[in-house]
Amino acid sequence: QVQLVESGGGLVQAGGSLRLSCAASGLTFSRYTMGWFRQAPGKERRFVATISWSGDNTYYADSVKGRFSISRENDKNTVYLQMNSLKPEDTAVYYCASQRRSYGYIESTRSSDFAAWGQGTQVTVSS
């Protein structure tokens, strides 16, 4: 059974930074494209970033491009999301997820493309 556990969320002032981590187990991590999504109160869950199984390729939502950076360490079964220049509109619960198919495309960013999800970590950005 796949298990994803996020950590690193918290309260930060606008302009600050946070680094989220997601530890994975129960899957051959190095075979799967991983993603980060977020859900703000009263809104749908939305795509943030994906990283290919090898870590060589990344893909971002326009709203975070240039501010957020996704990375992974396959030997540690962990994916990260470095968030810089945070804005109040980045406030949300952040989820990591593993794609349904092995060796999947980074452009596959629908929620239905992902089979396993973490429990989420809250990020709050104050103005």
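How many positive and negative side chains does the chain have, and how far apart do the centres of the two sets lie? There are 14 positive and 10 negative side chains, and the two centres lie 3 Å apart. In this count Lys and Arg are positive and Asp and Glu negative, while His and the chain ends are not counted. The place of each charge is NZ of Lys, CZ of Arg, CG of Asp or CD of Glu.

The model is predicted, so local features need pLDDT of at least 70 and side-chain atom pairs count only at pLDDT 80 or more, whereas totals for chains, interfaces and linings use all residues. Residues are numbered from 1 along each chain as its sequence is written, and side-chain values use heavy atoms, with hydrogens and water left out.

Helices (H or I, at least four residues) and strands (E, at least two) are DSSP runs numbered from the N terminus. The C-alpha atoms fill a box of roughly 40 × 30 × 25 Å along the principal axes.

Contact means heavy atoms within 4.5 Å. Of the contacts with a separation of 6 or more, 59% join residues 24 or more positions apart. The accessible surface comes to about 6,700 Å², and 43% of this belongs to carbon and sulfur atoms. Areas come from the Shrake-Rupley method with a 1.4 Å probe; for residues, only the protein chains shown count as cover.

Buried residues make up 44% of the 127. Buried means under 20% relative accessible area, exposed over 50%, and partly exposed in between (1.4 Å probe, protein chains only). In soluble globular proteins, nonpolar side chains tend to be buried together. Here the largest nonpolar core has 33 residues, and those with the most contacts inside it are Trp 36, Val 79, Leu 81, Met 83 and Tyr 94. Elements giving two or more residues to this core include β3 (18–25), β4 (34–39), β8 (78–83) and β9 (92–99). Such a core is a set of buried Ala, Val, Leu, Ile, Met, Phe, Trp, Tyr and Cys residues joined through side-chain atoms within 4.5 Å. Beyond its neighbours within four places in sequence, Leu 81 is in contact with residues including Trp 36, Val 48, Phe 68, Ile 70 and Tyr 94.

Some individual residues follow. Thr 33 sits in the loop between β3 and β4 and is buried, with a relative accessible area of 0%. Not counting residues up to four places away in sequence, Thr 33 touches, among others, Ile 51, Trp 53, Ala 97, Tyr 105 and Phe 114. Thr 33 and Gly 66 are 33 residues apart in sequence and 21 Å apart, C-alpha to C-alpha.

Arg 46, in strand β5, is exposed, with a relative accessible area of 60%. Leaving aside neighbours within four places in sequence, Arg 46 is in contact with Phe 37 and Arg 38.

Asn 77 is in the loop between β7 and β8 and has phi near 55°, a positive value in a residue other than glycine. Asn 77 is partly exposed, at 26% relative accessible area. Tyr 103, in the loop between β9 and β10, also has a positive phi near 55°. Tyr 103 is partly exposed, with a relative accessible area of 45%.
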